[in-house]
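Subject: Structure for your review

Dear colleague,

Please find below the sequence and structure that I am handing over to you. My findings follow directly after it.

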Amino acid sequence: KGKCPEDGWDESTIELFLHELAIMDSNNFLGNCGVGEREGRVASGLVARRHYRLIHGIGRSGDISAVQPKAAGSSLLNKLTNSVVLDIIKLAGVQTVANCFVVPMATGMSLTLCFLTLRHKRPKAKYIIWPRIDQKSCFKSMITAGFEPVVIENVLEGDMLRTDLEAVEAKIKALGAENILCVHSTTSCFAPRVPDRVEELAVICANYDIPHIVNNAYGVQSSKCMHLIQQGARVGRIDAFVQSLDKNFMVPVGGAIIAGFNESFIQEISKMYPGRASASPSLDVLITLLSLGTSGYKKLLKERKEMFSYLSSELKKLADSHNERLLDTPHNPISLAMSLKNLDESNDAAVTQLGSMLFTRQVSGARVVPCGSSQTVNNYTFKGFMSHANNYPCAYLNAASAIGIKKQDVDVFLKRLNKCLKTFRKEAKQEKSINEISDSNAATEQLED
């Protein structure tokens, strides 16, 4: 049926299935005589076993989704993977998605492929409207495709950074709709930035007849992000949305899913990919989804949401105990931020030092964001880089509840963070005491004089 099974398969069943697919490829035929330049020959047995002898990859030279005659098993693997992934995207909340395919590139390059496909539809266009998010790959994806990003600064609402819709529309009018390739919006992001106003942007795109590409990097795991995409497509225009395989399905880095609501446009993107491609990302995600089944994946989504609530409540308690606060970002369903005002005021270097302390204590993924840092990416200078704004009011620390996180991860993180913050408070008190003694000695000396 081309759908993900409800109950996951055991490993031996999955391996039997993969071996059956592999013997359909010509390189595994008994008595095969290959005289071409690409015959699926592999020098190392270890490499062959690592890939289950599925060596030919996917697609043909002109289309990544095309069937390869001498690789019937690999071609079937590709078709099944795309079909199963489509089923999971619907399960996750985008019910009206029409088509998708797995591409062996991470999110940034997959976005580039989307932009290059749009180039043929809009030959005059040279600009991409992009509500700012401080993440290099999505910015570089536009540069690599040969377009000029038009950065729209976010607006501060309470603690949250949100899409400036008025600035987006004003820029469209100023540049001219025909000169704009697309609007490039984002769902999943680091707090205090929250997902773009995808629905409103979709309406603007429909009104001005401008394509809309959504960077949904790790949004499949969030019902809120998927709902935004579904609603955006319902009320306006979304041409394609791109998501990472590793962040949403817990597989190795190297693949993404390009999906959309117009089947022919998604096929155009797949045909834009030059040459055939590695089957590894497709193989990894198919094995994973067959082992989980829809029930297993739903369970992971439920656990992630529960851990987000737990992380939020416990991080708030910790923040309060250190006279800091959990920033109020209710529209971000994955990432949280805790202020670091006391560290920032006591010592400029303390914020980045906290990040180093956490990393050396084996806390990965937590980001510390100081005030006022800037960075140049492809000749464009971002002030306040990493904070998604030129002047965010305070330094802060990020933590995320992503798919696969366990209660133990949260508890250990909070314990180690608490210890690091106590160390800073102790050092600050000692420094204050030394300063007070120095001031007292200086005053005494002055009186004696």
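Lysine 316 and aspartate 320 are both part of helix 11 (residues 280–321), where they are four residues apart, about one turn of the helix. Their side chains meet in a salt bridge, with 3.3 Å from N to O. Lysine 316 has a relative accessible area of 44% and is therefore partly exposed. Aspartate 320 likewise counts as partly exposed, because its relative accessibility is 44%.

Please note that this is a predicted model, and that every value in this message is computed from it.

**Other salt bridges**

Side chains of opposite charge can pair when their charged atoms come close. A search of the whole structure gives 15 salt bridges, and I describe some of them here.

One of these joins the side chains of lysine 121 and glutamate 268, at 3.3 Å from N to O. Lysine 121 belongs to helix 4 (residues 107–121) and glutamate 268 to helix 10 (residues 263–272), so this pair ties together parts of the chain that lie 147 residues apart in sequence.

Another salt bridge is formed by arginine 132 and glutamate 153, whose closest N and O atoms are 3.1 Å apart. This pair links distant parts of the chain, 21 residues apart: arginine 132 sits in the loop between strand 2 (127–131) and helix 5, while glutamate 153 sits in the loop between strand 3 (148–152) and strand 4 (155–157). Is arginine 132 buried or exposed? Arginine 132 is buried, because its relative accessible area is 0%, and the cut-off for a buried residue is under 20%. Glutamate 153, by contrast, has a relative accessible area of 26% and is therefore partly exposed. Through salt bridges that share partners, Arg132, Asp134 and Glu153 are joined into one network.

**The chain as a whole**

The chain contains 14 helices and 14 strands. Its C-alpha trace spans about 105 × 55 × 40 Å along the principal axes. Of the 449 residues in the chain, 51% are buried. Among contacts between residues at least 6 apart in sequence, 74% join residues that are at least 24 apart.

The chain is divided into domain 1 (57–292) and domain 2 (297–435). Taken over C-alpha atoms, the centres of domain 1 and domain 2 are separated by 29 Å. In the contact between them, 38 residues of domain 1 meet 40 residues of domain 2. The area buried between domain 1 and domain 2 is about 3400 Å², and carbon and sulfur atoms give 66% of that area. On the side of domain 1, the residues that lose the most area to domain 2 are Asp134, Asp159 and Gln221, which together account for 19% of what that side buries.

How many salt bridges are counted between domain 1 and domain 2? The count is one. Arginine 325 and aspartate 159 meet through their side chains in a salt bridge, at 2.7 Å from N to O. Between domain 1 and domain 2 there are also 18 residue pairs in polar contact, with both residues at pLDDT 80 or more.

Several elements of domain 1 each supply at least two residues to the side that touches domain 2: helix 3 (72–92), helix 5 (136–144), strand 5 (160–162), helix 8 (223–235) and helix 9 (245–249). Helix 5 provides the largest share of that side, with four residues. By class, the side of domain 1 that touches domain 2 has 22 nonpolar, six polar and ten charged residues.

**A buried valine**

Valine 168 counts as buried because its relative accessibility is 0%. Apart from its neighbours within four places in sequence, valine 168 is in contact with Ile129, Ile152 and Leu201. Valine 168 and valine 183 are 15 residues apart in sequence, and their C-alpha atoms are 8.8 Å apart in space.

With kind regards

How values were computed:
Residues are numbered from 1 along each chain as its sequence is written. This is a predicted model: local features need pLDDT of at least 70, side-chain atom pairs count only at pLDDT 80 or more; totals for chains, interfaces and linings use all residues. Side-chain values use heavy atoms; hydrogens and water are left out. Domain bounds come from an automatic or database domain assignment. Contact means heavy atoms within 4.5 Å. Buried area is the accessible area (1.4 Å probe) that two parts lose on being put together, summed over both. A salt bridge is a side-chain nitrogen of Lys or Arg within 4 Å of a carboxyl oxygen of Asp or Glu. A polar contact is a pair of N or O atoms within 3.5 Å; within protein, one must be able to donate a hydrogen and the other to accept it, and residues adjacent in sequence count only if both atoms are side-chain atoms. Ala, Val, Leu, Ile, Met, Phe, Trp, Tyr, Cys and Pro count as nonpolar, Asp, Glu, Lys and Arg as charged, and the others, Gly among them, as polar. Buried means under 20% relative accessible area, exposed over 50%, partly exposed in between (1.4 Å probe, protein chains only).
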